[in-house]
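Grab a pencil and have a look at the chain below. The exercises that follow take you through it step by step.

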Amino acid sequence: MKFQRPRGTRDFYPEAMATRNWIVDQWRRVSLRNGFEEYDGPIFELLDLYRDKSGDEIVSELFHFTSRGGDAFAIRPEMTPTLARMVAAQAQGLPKPVKWFSIPRLCRAERPQRGRLREFFQWNIDILGEDGVLADAECILVAADFFRQVGLSDQQFVIKVNSRALLAAILEKADVRPDRFHAVYAVLDKRDKLDAGAFEKMVEELKLPGEQRDLLISLGEAKGSSGLEDLRGAVEGHAGAEERYEEIRRLFELLETMGASACCRFDMGVVRGLAYYTGVVFEAFGTGGLQRAICGGGRYGQLLKKVGGPPMSGTGFATSDVVIEDVLRELDMIPVYVSAIDIFVIDASPEVFDDVIRLTTQLRAKDHAATFSYKRQGVGKQLKQASAKHARRVVIVDEKMRTERVVSLKDMASGVQTEVSIDSLLADPFQSAAP
RNA sequence: GUGGGCGUAGCUCAGUUGGUGGAGCACCAGGUUGUGGUCCUGGGGGUCGCGGGUUCAAGUCCCGUCGCUCACCCCA
């Protein structure tokens, strides 16, 4: 082959395309029924939009180019900057809260590996203009709704929820130096990937004073409702920490009311690397073989200000089609491919082929996906083709179409075949076969 | 950026101590002269990723290179 596919991209042949469409359809369906509106933006943005948010080092991870006019652009690697830009531009006039979703195609110039390609589709759910945890709860609920929608039981996935604000307040109360927060976050975020010994070793390497070290190790243990309960002591007497604690307690109360508590769990080990998260953070995991996060998000407080907008806070999450397909395939939950052919029209003999074309055209006019064989062969061969195309129904046309206006209608799944009038066929090609 | 694994037909792969490259599936064409998804026969298709070396002889051994893949780093 002279040309091959660029690294980290995919060709969507019909079967793969059907899978992609199915995933996207589920995303859209769940978004809409939870009251979110769809938006989209340009596939490339000014490079500085990403540089301002994430710093210079981001540029090497972007596909970027310079226009003839000298402007530097980048193909979008994520949707949040575009969202922030769009909301900031209209912030005054938009009814709050803004509940929007998008399914953008994104590109990142990183080295591909399992679950991470250079081009992929991402589902973004965001709520802006509402500071309370109700918005966070609703985002988490949407994620849970999706996993349930595609057939996962509450035992097959878990959404781990934490509050960075609470964590920061606890660290502040314990007099951890603010410049050490980021290092502490990084260690805590690795907690679930390490055994207890390796975790403690990493904590030791931070060289924190004894009390702070013990606190950090106990934070790594804080999981589930009892883990949240255990933190009560760590927040008492500190107004900010108590307030944050009450927030996340209320969040879990809301999740309970929404019927999502069975798949949600408090976990201090979820911090997420993103510098811009300021409040609630969460990540979803499959409980089977794949231990990787399959979806993640949280509250971002200052993002709109970064793109020149008002100090409006937002909360949301994202997940990619690559990871979703991975985890659903592992659980054998991707629907089998069925082609879009409703009716395959066959001639009983070459003389009636013009009638086949005529009937096919009429079926198409009724908005049915209908087709026929290009080759004039026996009925058996044409049925074979219909079968290969996964046609649901086959219509066999013979001279009786002219003399009596009837044809044979065959249900390919059951094999049942009946004679029907052309009028009744056009009215309903999927009519159940008369006994 | 670092490290491991793998490159043979469209796909999945076999290929013996080096001796003129195969199978299954898929595709195409025929057969049963009005009934498929499970029949039979035949066919097309590969400079064995690419380049160099050793050898009378390389898919096989050696070196280089490119590509794919997995993990790490990173993760918006």
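**Exercise 1.** Work out what kind of atoms the surface of chain A belongs to.

*Solution.* Start with the total: the accessible surface of chain A is about 21700 Å². Then take the share of carbon and sulfur atoms, which is 51%. Keep in mind that this is a predicted model.

**Exercise 2.** Find out why chain A counts as more spread out than a compact globule.

*Solution.* First, list the elements: chain A has 17 helices and 17 strands. Next, take the globule rule, which gives 22 Å for 435 residues. The radius of gyration of chain A is 28 Å, well over that value, so the chain is more spread out than a compact globule. Finally, look at the box: along the principal axes, the C-alpha atoms fill roughly 95 × 60 × 50 Å.

**Exercise 3.** Which residues of helix H6 are buried, and what do they pack against?

*Solution.* Buried means under 20% relative accessible area. Go through residues 181-190 with that cut-off and you get Phe181, Val184, Tyr185, Val187 and Leu188. Now check their neighbours: the buried residues of H6 pack against helix H5 (164-173), helix H7 (196-205) and helix H8 (210-221).

**Exercise 4.** Where in chain A is confidence lowest, and where is it highest?

*Solution.* Begin with the average: chain A has a mean pLDDT of 90, and 98% of the residues score at least 70. Then go element by element: H7 is lowest, with a mean of 82, while strand E1 (residues 37-38) is highest, at 98.

Definitions and conventions: Residues numbered from 1 in each chain as written. Chains lettered and ligands numbered in written order. Predicted model: local features only at pLDDT ≥ 70, side-chain atom pairs only at ≥ 80, totals over all residues. Heavy atoms only, no water. Helix = DSSP H or I, 4+ residues; strand = E, 2+ residues; numbered from the N terminus. Rg over C-alpha atoms; globule rule 2.2 N^0.38 Å. Areas by Shrake-Rupley, 256 points an atom, 1.4 Å probe, with all protein chains shown as cover. Buried < 20%, exposed > 50% of the residue type's maximum accessible area, 1.4 Å probe, protein only. Contact = heavy atoms within 4.5 Å. pLDDT = per-residue confidence, 0-100.
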